[in-house]
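Subject: Structure handover

Hello,

Here is the structure for you to look over. My notes on what turned up follow below.

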Protein chains: 2
Amino acid sequence: MARKPLTNPRKYASQDRSRATVDALVEATARILIREGFDKASTNRIAEVAGVSVGSLYQYFPSKEALVAALIDRHNQEVRQVVQGELAEAVNAPVEQAVRKLVAVAIKAHRIDPKLHYVLAEQIPRVGRLEKVETFNREYYALFKDYLESRRDEIRAVDLGLAAFVCVTSIEALTHTAVLHHKIVSDEAMNALIDEATRLIVGYLMN
Amino acid sequence: MARKPLTNPRKYASQDRSRATVDALVEATARILIREGFDKASTNRIAEVAGVSVGSLYQYFPSKEALVAALIDRHNQEVRQVVQGELAEAVNAPVEQAVRKLVAVAIKAHRIDPKLHYVLAEQIPRVGRLEKVETFNREYYALFKDYLESRRDEIRAVDLGLAAFVCVTSIEALTHTAVLHHKIVSDEAMNALIDEATRLIVGYLMN
DNA sequence: TCAAAATACGAGCGATTATTCGCTTTTGAT
DNA sequence: ATCAAAAGCGAATAATCGCTCGTATTTTGA
């Protein structure tokens, strides 16, 4: 485990103080992205908002992209925790209940930090090609396809892969658009959307 | 029609030569966005690729954003021509046929210049807030809602606005994702998607 | 034919950016 | 108390950016 030479010694936080610095930097990145947009998120500004010097920033993050990537990881982690816990129940439920649960969870996930999610989804892609979100969706797709296969006899569709694609893409788009653009305010609006989306998907799968 | 003062005299192309310059600039913008991404699309580079000087660029486009906006307009124009022609027939057709037509047209529209569409959809939003695409979608939504109202007695849904949202969002997401990410190659794949999407939407509207 | 208008040019300005590096301060194990 | 390692600092650098402006060239209309 030979250390890289002194010319690029990006460190890993080991002490308490440095942990706090790293956290502050990631948090500052999130705040700036949300409040001022990607263009204003310069490394100097991020360090300033974090109450840290630029030099410290570069001790832990080799580039600006690494900082954004860390933020995305943190957000994905939070989403994953919400989703995985609630989805465990669904895999053994009948289709109607499972789909309803899936839609509800999707809305919940999008509501975790909507503004951050929005920025991450609509402003970030240009950064190199951070396909972490895409990876996330692929997991979601595989999970759903497995579920469909476990209920194959109840499902009308022939190509379960295609069916999974149709369902996952639709649910994602509906919940994403509703939460981030149309702004679901009331609980009634949310329940109406859950009802409609469930009807859409269940009808497609079973009728 | 008082001209703006000399301090901001961005002109409007009137001669043949200047028309060609403007076209070359917009075309160069498209090429760079597609081949090198947004970050590489500097005004100096755009002018260079267009075979034109930066000074000429700023004679017709007051800012870099104006250039991108012009490109978006050009693309939207092309899409609009394809969509409006083909959609005129659909408004008088029964639901099943109309939806099928709608899906087919959506795929066709996304296939006009997929790479440009991709860049425009996934990399551009950060620019100021070019909501031209959103405007486009709103038109699409209004049109579909009108259609649903004209067939109200055949439709099962209560809230036609919500139903239109569900349908338009799903169709857009399915065709967008299929064409730009999953890459529909064969005609069979395309027809399969049309079948499935039609079944999804028609089932939702009528069963 | 020729002057005025339109068009084109491109070096260069000022601002901003990501990143570096020599230095100081803090920490923790002895 | 000591001291090496870890963490922190921020002025400085080099690159890039959007954009201007004085000048050169082409086109137009009479």
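A salt bridge here is a side-chain nitrogen of Lys or Arg within 4 Å of a carboxyl oxygen of Asp or Glu. Between chain A and chain B the count is zero.

Some conventions. This is a predicted model, where local features need pLDDT of at least 70 and side-chain atom pairs count only at pLDDT 80 or more, while totals for chains, interfaces and linings use all residues. Residues are numbered from 1 along each chain as its sequence is written, chains are lettered from A in the order in which they are written, and side-chain values use heavy atoms, with hydrogens and water left out.

The interface. In contact (heavy atoms within 4.5 Å) are 28 residues of chain A and 28 residues of chain B. About 2700 Å² is buried between them, as accessible area (1.4 Å probe) lost on being put together, summed over both. Carbon and sulfur atoms give 63% of that area.

On the side of chain A that touches chain B, α6 (114–122), α8 (160–182) and α9 (187–206) each give two or more residues. Helices are DSSP runs (H or I, at least four residues), numbered from the N terminus. The largest share, 11 residues, comes from α8(A).

The cores. A nonpolar core joins buried Ala, Val, Leu, Ile, Met, Phe, Trp, Tyr and Cys residues through side-chain atoms within 4.5 Å; buried means under 20% relative accessible area (1.4 Å probe, protein chains only). The largest has 86 residues, and A:Phe144, A:Leu148 and B:Leu205 are among those with the most contacts inside it. A:Leu148 touches A:Ile155, A:Leu160, A:Ala163, A:Ala164 and A:Leu205, leaving aside residues up to four places away in sequence. Another core, of 25 residues, lies apart and includes B:Leu33 and B:Ile72.

Best wishes

How values were computed. Buried area is the accessible area (1.4 Å probe) that two parts lose on being put together, summed over both. Buried means under 20% relative accessible area, exposed over 50%, partly exposed in between (1.4 Å probe, protein chains only).
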